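Please examine the structure shown below before reading on. The paragraphs that follow lead through it step by step.

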Amino acid sequence: MDELFDIVEDETLQLDDSNNDKNKETIKEVKINAKPKKSMLEKYGENLTTKVYVTNPAIAREEEIEKTILTILTPEKSAILVGKAGIGKTAIVEGIAYKIQKNEVPNAIKGYDIIKVNTSSLLGKYKTEDGSEELRINILLKEVEKAKNVILFIDEIHTLVIESRNSGVDFVNAMKPALSRGDVKVIGATTLDEYNQYLIRDKAFLRRFEKIGVSEPDAKTTVKILMGSYPRIEKQTGVKLAYSRFLIEKIMTFIVDMTSEYKRVYELGSRYPDNALALLSKAFSYAKFDNSEFVTFKHIYKAIMNCQSVYSNVIKEESEKFKKEFKEFLEKENVDLNDY
């Protein structure tokens with residue numbers, strides 16, 4: 001739109017003076033009808049607080065949520081969630097956004113927005129309203145300071161250090177002053193390996209953060225997470241898991257047991273609840289592929305047979321166990337699993 005203004009103004013200079021009043025009115029009309037330029041937060045960020053959550057995205061994570069909120073409320077401190085991949089660090093941040101929606105947070109952060117930004121989107125420069133160029137990271141930080149009710153969420157926050165080395169933009173030092181003053185609040189997330197490899201070396205940066213350890217949920221907790229998450233998958237896919245709650249919980253327990261630690265393919269590094277949710281989601285995908293309105297035992301069996309996060313001998317053993325454990329229901333649905 002700025003380019004449009006430049007074109008209009010250039011053409012105006014070339015016109016006869018008798019048309020000046022008319023040209024000025026045209027420019028004025030263009031400016032009035034022009035859409036306001038998007039802010040950095042709007043253009044490159046995702047507002048987790050305005051997302052539609054079918055269910056609580058952070059089931060059984062009350063302790064981590066409380067610790068994170070307490071850290072955000074502490075002057076001159078931000079939070080960094082540290083834990084293995086796939087255990088639900090992002091879900092914890094979404095859980096805080098969900099609580100903000102429900103007004104279930106302390107008054108000090110009621111009405112706040114949690115904006116997720118990726119380091120890659122902060123690379124390079126950005127054209128400001130006056131036409132000058134400035135580093136995107138600096139503009140973003142200024143916008144957050146000005147808003148006063150924004151919490152930044154930076155997933156894989158260790159990439160700030162990596163990009164500072166590779167891109168020539170020193171993200172870490174750019175953020176230190178605002179973090180020190182407490183003008184910008186950040187929730188970061190990273191794995192323990194990457195925390196130790198990249199972040200722990202920069203003591204000055206880490207002083208601004210409180211480390212919050214996120215452990216992998218146990219099997220019982222993962223069953224609860226699956227029970228609370230499947231309505232969201234139903235909403236996303238338009239397919240229903242039309243069994244009794246008792247039977248659904250039995251299915252979830254089977255999935256969680258099948259994807260337990262010593263049955264997983266070691267190199268994949270898949271963890272609870274991510275691996276169990278992936279298997280469950282695949283069953284919904286098979287139902288959708290069959291144009292079925294419901295997930296049946298046939299679809300669950302197909303997902304088990306094509307599970308990539310566990311060893312092949314585990315699949316063989318678990319498929320036989322599945323046939324025995326759910327034999328009654330397979331017969332009711334007239335399903336011959338030998339066809340799959």
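Two rings of Phe, Tyr or Trp form a pair if their centres lie within 6.5 Å, and planes under 30 degrees apart count as stacked. By this rule, the predicted model holds 10 aromatic pairs. One of them joins Phe 297 and Phe 329: their ring centres are 5.7 Å apart and their planes meet at 15 degrees, so the pair is stacked. Phe 297 belongs to helix H14, whereas Phe 329 belongs to helix H16 (residues 327-332), so the pair ties together parts that are 32 residues apart in sequence. Both rings are members of one aromatic cluster, which is formed by Tyr 243, Phe 254, Phe 297, Tyr 301, Phe 322, Phe 326 and Phe 329.

Is Phe 297 buried or exposed? Its relative accessibility is 0%, and because buried means under 20%, Phe 297 counts as buried. Phe 297 also takes part in the largest nonpolar core, a set of 38 residues in which Met 252, Phe 297 and Phe 322 have the most contacts. Helix H11 (219-237), H12, H13, H14 and helix H15 (312-325) each supply at least two residues of this core. Which helix gives the most to this core? That helix is H12, with eight residues.

The surroundings of Met 252 can be listed in detail. Leaving aside residues up to four places away in sequence, Met 252 touches Val 223, Leu 226, Met 227, Tyr 230, Leu 241 and Leu 280.

Asn 291 presents a contrasting case. This residue is found in the loop between helix H13 (274-289) and helix H14 (297-305). Asn 291 has a relative accessible area of 73%, and it is therefore exposed. Between Asn 291 and Val 239 there are 9.2 Å in space, C-alpha to C-alpha, although the two are 52 residues apart in sequence.

The protein as a whole may now be considered. Its secondary structure consists of 16 helices and eight strands. Of its 340 residues, 44% are buried. Of the contacts between residues at least 6 apart in sequence, 75% join residues at least 24 apart.

The average pLDDT of the protein is 87, and 88% of the residues score at least 70. Confidence is highest in helix H12 (residues 245-258), at a mean of 98, and lowest in helix H1 (residues 2-14), at 40. The pLDDT is below 50 over residues 1-16, a stretch that has 12 contacts in the model beyond near neighbours in sequence. Over residues 27-35 the pLDDT likewise stays under 50, and the model has nine contacts beyond four places in sequence for them. Where pLDDT is low, the predicted coordinates should not be read in detail.

Definitions and conventions
Residues are numbered from 1 along each chain as its sequence is written. This is a predicted model: local features need pLDDT of at least 70, side-chain atom pairs count only at pLDDT 80 or more; totals for chains, interfaces and linings use all residues. Side-chain values use heavy atoms; hydrogens and water are left out. Helices (H or I, at least four residues) and strands (E, at least two) are DSSP runs, numbered from the N terminus. Buried means under 20% relative accessible area, exposed over 50%, partly exposed in between (1.4 Å probe, protein chains only). Contact means heavy atoms within 4.5 Å. pLDDT is the predictor's confidence in each residue, from 0 to 100. A nonpolar core is a set of buried Ala, Val, Leu, Ile, Met, Phe, Trp, Tyr and Cys residues joined through side-chain atoms within 4.5 Å. Rings of Phe, Tyr and Trp (its six-membered ring) pair if their centres lie within 6.5 Å; planes under 30 degrees apart count as stacked, over 60 as edge-to-face and the rest as tilted.
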